[in-house]
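Here is a short tour for someone meeting this structure for the first time. Have a look at the sequence and the model, and then we'll walk through some of the details.

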Amino acid sequence: MDHRKINKVLIANRGEIAVRIIRSCREMGIRTVAVFSDADRTAMHVRYAGEAWHIGASPSSESYLNIDKIIEAAKKSRADAIHPGYGFLSENAAFSRRCREEGIIFIGPSPEAIEGMGDKITARRTMIAAGVPVVPGTTEKVTDETEATRVIMEIGLPVMIKASAGGGGKGMRLVKEESKIVSSLRGAQSEAKTAFGDDSVYIEKYIESPHHIEFQILADRYGNTVHLFERECSVQRRHQKVVEETPSPSMVPDVRARMGEYAVAAAKAAKYEGAGTIEFIMDDDLNFYFLEMNTRLQVEHPITERVVGVDLVKEQIRIAEGNPLPFSQQDLRQTGHAIECRIYAEDTDNNFMPNPGTITHITEPLGLGVRCDGYVYTGYTIPIYYDPMISKLIVWAQTREEAIERMRRALYEYKITGVKTSIKFLERIMDAPDFRSGKYNTHFIENNMKFLLAETECDLYCEDLALIAAFVDYTGKLEKVKLTMDNSTVRHGSDWKQFGRRHAAYRL
Ligand code: ADP
């Protein structure tokens with residue numbers, strides 16, 4: 001099969017993942033092209049890329065989801081490949097197909113593989129045929145109420161009704177009582193229709209005390225497929241990941257080995273090429289079942305990179321060029337422990353409402369074992385149009401205990417003003433006994449919400465200090481104004497400033 005060197009990559013994405021991809025390209029001597037919407041004129045990925053092309057208005061449907069505009073930018077900039085990142089067009093088979101038709105290398109799987117795994121009912125059938133254990137449930141779309149009730153009673157309550165085109169936790173309903181079957185079915189269908197334009201749903205047994213465990217895989221076009229071990233992603237809110245770690249504290253070596261083998265078998269059954277993730281759900285007795293395959297780079301990929309020592313973006317690019325994998329399964333090991341926290345611009349005390357706005361100040365954590373994949377800077381305004389994730393904070397240490405302490409330290413160092421963030425909430429997760437013990441499942445956040453949202457003495461104290469700091473800032477500005485107006489009135493402000501300094505010096 002032919003090999004084609006990639007010299008220039010267009011990144012069809014924005015935010016932290018666009019910056020992260022450009023970083024690997026720079027290290028490989030590959031030139032980069034950013035694309036941007038109106039709202040992203042001053043974005044970091046635009047500043048950091050070798051060149052940047054405007055592709056449309058702020059709503060993603062008019063820019064980052066507009067296939068024609070992106071292909072046009074790739075042609076004009078003479079990019080020979082496109083990296084889709086995650087989200088946006090990354091799991092869009094039509095985009096992968098269009099790249100192929102236009103002679104542009106898509107750094108990701110074939111359209112056929114995306115289609116096969118994007119439809120969860122088809123994916124379940126493929127996995128069953130390959131001998132991979134799937135969650136007990138239907139392998140056909142369910143539409144009729146009577147049929148749904150019959151099937152559910154056969155599987156046994158509780159069950160999950162899930163959208164076949166699902167993603168991001170949408171179109172999913174947990175059903176515990178028979179009387180709720182019909183309303184849940186209709187609810188899941190209409191949510192699926194709105195979110196994905198497809199109302200197909202299927203039914204799965206609800207796994208009690210579930211752990212979300214996923215395996216990273218890499219596959220080249222010559223039939224070599226390896227797994228890069230697991231990620232534990234059970235710290236979730238509304239079925240969305242918040243903190244991830246590897247190795248999983250609930251994993252044991254023989255289950256890891258078996259799951260890894262199934263992950264490789266699953267990728268092979270999907271005729272997969274590139275980087276992908278096989279998600280499993282595991283119960284307290286360590287029984288595990290295939291959940292779905294994500295045919296792209298995941299948000300949480302850096303923890304695997306750190307523990308296995310592989311740059312996943314570089315491997316994606318090398319595979320897309322037509323190179324064979326440079327390692328085999330026996331070459332890969334897990335070393336130490338890594339944790340990732342997703343930092344959001346959100347008001348955790350106000351039902352986690354997104355809180356975009358202008359960053360008035362940001363200090364990112366540094367030091368041994370700390371990686372901060374972000375894209376915002378002081379003075380940057382987070383647009384309202386996109387996901388409110390600010391960055392991902394990743395730490396590594398020899399042991400899980402040390403990694404938790406390092407994460408606490410890094411979160412403490414992380415200072416962002418101007419927008420509300422989830423940093424305090426994440427600090428509380430690191431302090432939660434259930435998290436520290438490693439004995440947690442996907443119910444962790446809901447079961448610990450009171451603890452995670454509680455105001456600590458320190459928070460109240462910090463709030464006082466923040467007030468004083470704001471006052472000091474205010475009087476400082478007043479002072480400058482007064483200085484230009486009348487020298488004799490300066491002393492007032494100055495006294496307050498001294499007061500503020502004396503008190504604020506405690507912690508600052
Ligand atoms: P999506 O593609 O929308 O993210 P997933 O199938 O990956 O949906 O499921 C997301 C999360 O929902 C899982 O990580 C898990 O917490 C929960 N979940 C999904 N299916 C089940 C199930 N059958 N039993 C228990 N929990 C489930």
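Rings of Phe, Tyr and Trp (its six-membered ring) pair if their centres lie within 6.5 Å, and the pair is stacked with planes under 30 degrees apart, edge-to-face over 60 and tilted for the rest. A search of the whole structure turns up 14 aromatic pairs. One of them is F95 with F106, an edge-to-face pair at 5.8 Å centre to centre and 90 degrees between the planes. F95 sits in helix α4 (residues 93–102) and F106 in strand β5 (residues 105–106), so this pair ties together parts that are 11 residues apart in sequence. There's also an aromatic cluster made of Y64, F88, Y385 and Y386.

A quick word on the model: it is predicted, local features need pLDDT of at least 70, side-chain atom pairs count only at pLDDT 80 or more, and totals for chains, interfaces and linings use all residues. Residues are numbered from 1 along each chain as its sequence is written, and side-chain values use heavy atoms, leaving out hydrogens and water.

Now for the wider view. The protein chain has 17 helices and 20 strands; these are DSSP runs numbered from the N terminus, with helices being H or I of at least four residues and strands E of at least two. Of its 508 residues, 54% count as buried, where buried means under 20% relative accessible area, exposed over 50% and partly exposed in between (1.4 Å probe, protein chains only).

Let's zoom in on H83. Is H83 buried or exposed? It is buried, with a relative accessible area of 0%, and its place is in strand β4 (residues 81–83). The H83 side chain reaches the backbone nitrogen of G85 at 2.9 Å. Contact means heavy atoms within 4.5 Å; setting aside neighbours within four places in sequence, H83 touches residues including V9, I21, I107, L297 and Q316.

How many disulfides are there? The count is zero, with a disulfide being a pair of cysteine sulfur atoms within 2.5 Å. C25 is buried at 0% relative accessibility, and C233 is buried at 0% too.

Finally, some charges sit over rings, meaning that NZ of Lys or CZ of Arg is within 6 Å of the ring centre and within 35 degrees of the ring normal. Here are two of these:

| Charged residue | Ring | Distance to ring centre |
|---|---|---|
| K415 | Y412 | 4.5 Å |
| R428 | F451 | 4.1 Å |

Conventions:
A polar contact is a pair of N or O atoms within 3.5 Å; within protein, one must be able to donate a hydrogen and the other to accept it, and residues adjacent in sequence count only if both atoms are side-chain atoms.
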